[in-house]
Amino acid sequence: MSSGAEVLMVVGAHAGDAEVIAGAVVAQQVHDGGKAVIVHLTLGERGQGRLTEQEYARQKADEAQAFGRVVGADIVVPPYKDTELAATEEAKLRVCDGIRKHRPDVLISHWRGSIHRDHVECTTIVEEALFYAGLPSLQREHPAHNVGLLCFGEN
Ligand SMILES: [Zn+2]
């Protein structure tokens, strides 16, 4: 990620995943003059037992936005539920539309062998969304876009 014109997208299953997987890469990308978009497919609102899901969702949303402000990344949070993430056509097309809108050169996400089922679903969603995003015959709001490089990380 050296050219300032490049766009990086990171897609994580739970808010916090993308930051752990690629937070430093995101910060460097924006520091170098590029653009970064982080997609949290869920807020990870069931990830602890002290607060209610609603309270923790609010905290996680605030933390995600704070990270975005600090590093200068756009934050996108689709309305999916922690532990219920599913590789549905709707989710694949939603991520496809985000890829077509932001036109990333590089995309980073979970690897298929990750330990959490939502992470594995996220991998499937991303891989199929990349296919849909690059399909010229698939008519959506934005034109087709092929991502040059898909990388996998682990948290
Ligand atoms: Zn996670």
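Good morning. I begin with the metal site: the zinc ion has four donor atoms with angles of 55 to 125 degrees among them, and its site is irregular. Please bear in mind that this is a predicted model.

Which residues coordinate the zinc ion? They are His14, through ND1, Asp17, through two OD entries, and His119, through NE2, at 2.0 to 2.6 Å. Along the sequence, these donor residues follow the spacing H-x2-D-x101-H. The two histidines link distant parts of the chain, since His14 lies in strand β1 (residues 7–14) and His119 in helix α4, 105 residues apart.

Helix α4 leads us to the helix contacts. The axes of α3 (residues 89–102) and α4 (residues 117–133) come within 8 Å and cross at roughly 55 degrees. That angle makes α3 oblique to α4. The crossing of these two helices is right-handed. On the α3 side, the residues in contact include Val95, Cys96 and Ile99, and on the α4 side they include Ile125, Leu130 and Tyr132. By class, this contact has 10 nonpolar residues, four charged residues and no polar ones.

I turn now to helices α1 and α2. How do the axes of α1 and α2 cross? Helix α1 (residues 17–31) and helix α2 (residues 53–71) have axes that come within 9 Å and cross at roughly 30 degrees. The two are therefore roughly parallel to each other. Glu19, Gly23, Val26, Ala27 and Val30 of α1 make the contact with Ala64, Phe67 and Val71 of α2. Of the residues in this contact, six are nonpolar, one is polar and one is charged.

Thank you for your attention.

How values were computed
Residues numbered from 1 in each chain as written. Predicted model: local features only at pLDDT ≥ 70, side-chain atom pairs only at ≥ 80, totals over all residues. Heavy atoms only, no water. Axes fitted to C-alpha atoms, helices over the stretch in contact; angles between N-to-C directions. Helix = DSSP H or I, 4+ residues; strand = E, 2+ residues; numbered from the N terminus. Parallel < 35°, antiparallel > 145°, perpendicular 65-115°, else oblique. Left-handed = near helix turned anticlockwise from the far one by under 90°. Contact = heavy atoms within 4.5 Å. Nonpolar A, V, L, I, M, F, W, Y, C, P; charged D, E, K, R; others polar. Donors = N, O, S within 2.8 Å, 3.2 Å for Na, K, Ca; no water. Tetrahedral: all angles 85-135°; square planar, octahedral: opposite > 155°, others 65-115°.
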